[in-house]
Amino acid sequence: MERRIREHPSAILLVCQLAAVLLYPFLNDAPVGRTVLGVTSMLVVGLALWAVRRTPALNVVAFSLGLPALVLTVLETATGRNDIVLVLSAVFHAPFYFYVAVGLIRYLFHDTHVSADEFFAVGAAFTVVAWGFCYVFMGIEAALPHSFAGLGSSTDPQTWFDLLFLSFTTLTNTGLSDIVPVGGHARSAVMLEQFTGVMYLGLLLARIIAMASDRNRDR
């Protein structure tokens, strides 16, 4: 089991994130279920980062952000929709996920050969960035209520899953759909995610072109 994790950590991370997307609606009304999904996702993200980039500096940063995020994930359920807890959760969750994304991208660019796990890392890095911006949105919504509006219930605060949906649609540049940013800070965060999505695609294309050029040069 440990050998498989070492060989395909990005695949495990990607499967975990996508499984959470599919399972969350079934557990939307079950606080314990949401906590289990959140903690499991965090543990798998940390494990994937450890397997991909096992250096003391990365471990220190990952644990410094990840452990408080795990605790706050549980507190979110224990305290209900407490704005202070949600803001603190966003403060730790968002940097943690972005840090993992940086580690995965470095992993993708560390050599000129693409392994099976590096292929999965492309998708894993994308989902991790989407998770990170979701927590940015959650922190903004908790600190500045009604920063995001839904067409069906514009006066109700957006749920975590609603904001994750917004994050995915924004990062893929497919449109904002039925949830839109109405506050200035919310719109700034959405614009940053749109820019990130375009740059991520540009990095992948540049990587593919560079690898093709290296292979032609070797021939």
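A residue counts as buried when its relative accessible area is under 20%, as exposed when it is over 50%, and as partly exposed in between (1.4 Å probe, protein chains only). At 22% relative accessibility, F126 therefore counts as partly exposed.

The structure is a predicted model, in which local features need pLDDT of at least 70 and side-chain atom pairs count only at pLDDT 80 or more, while totals for chains, interfaces and linings use all residues. Residues are numbered from 1 along each chain as its sequence is written, and side-chain values use heavy atoms, with hydrogens and water left out.

The protein has eight helices and two strands; helices (H or I, at least four residues) and strands (E, at least two) are DSSP runs, numbered from the N terminus. Read from the N terminus on, the order of the elements is α-α-α-α-α-α-β-α-β-α. Of the 219 residues, 42% count as buried. Contact means heavy atoms within 4.5 Å. Among contacts between residues at least 6 apart in sequence, 75% join residues at least 24 apart.

Two packed helices are described by the angle between their axes and the distance between the axes. Axes are lines fitted to C-alpha atoms, for helices over the stretch in contact, and angles run from 0 to 180 degrees between N-to-C directions. Angles under 35 degrees count as roughly parallel, over 145 as roughly antiparallel, 65 to 115 as roughly perpendicular and the rest as oblique. A crossing is left-handed if the near helix is turned anticlockwise from the far one by less than a right angle, and right-handed if clockwise.

Helix α5 (residues 83-108) packs on helix α6 (residues 116-143) at an angle of about 160°, and their axes are 8 Å apart. The two are therefore roughly antiparallel to each other. Their contact has 25 nonpolar, four polar and three charged residues, where Ala, Val, Leu, Ile, Met, Phe, Trp, Tyr, Cys and Pro count as nonpolar, Asp, Glu, Lys and Arg as charged, and the others, Gly among them, as polar. α5 passes α6 in a left-handed crossing.

Helix α2 (residues 9-23) also meets α6: their axes come within 8 Å and cross at roughly 40°. α2 and α6 are therefore oblique to each other, and their crossing is left-handed. Residues making this contact include L13, L14 and L18 of α2 and F120, T127 and W131 of α6. By class, the contact of α2 with α6 has 12 nonpolar, four polar and one charged residues.

With helix α7 (residues 160-171), α6 packs at an angle of about 125°, the axes being 8 Å apart. That makes α6 oblique to α7, and α6 passes α7 in a right-handed crossing. Among the residues in contact are F126, T127 and W131 of α6 and W160, F168 and L171 of α7. This contact has 15 nonpolar, two polar and no charged residues.

Aromatic rings come next. Rings of Phe, Tyr and Trp (its six-membered ring) pair if their centres lie within 6.5 Å; planes under 30 degrees apart count as stacked, over 60 as edge-to-face and the rest as tilted. The structure holds 12 aromatic pairs. One of them is the tilted pair of F126 and F168, at 6.1 Å centre to centre with 55° between the planes. This pair links distant parts of the chain, with F126 in α6 and F168 in α7, 42 residues apart. F133 and F137 form a tilted pair as well, at 6.4 Å centre to centre and 45° between the planes. Both lie in α6, four residues apart, about one turn of the helix, and both are buried. Ring pairs also link a cluster that includes Y24, F96, F126, W131, W160, F168 and Y200.
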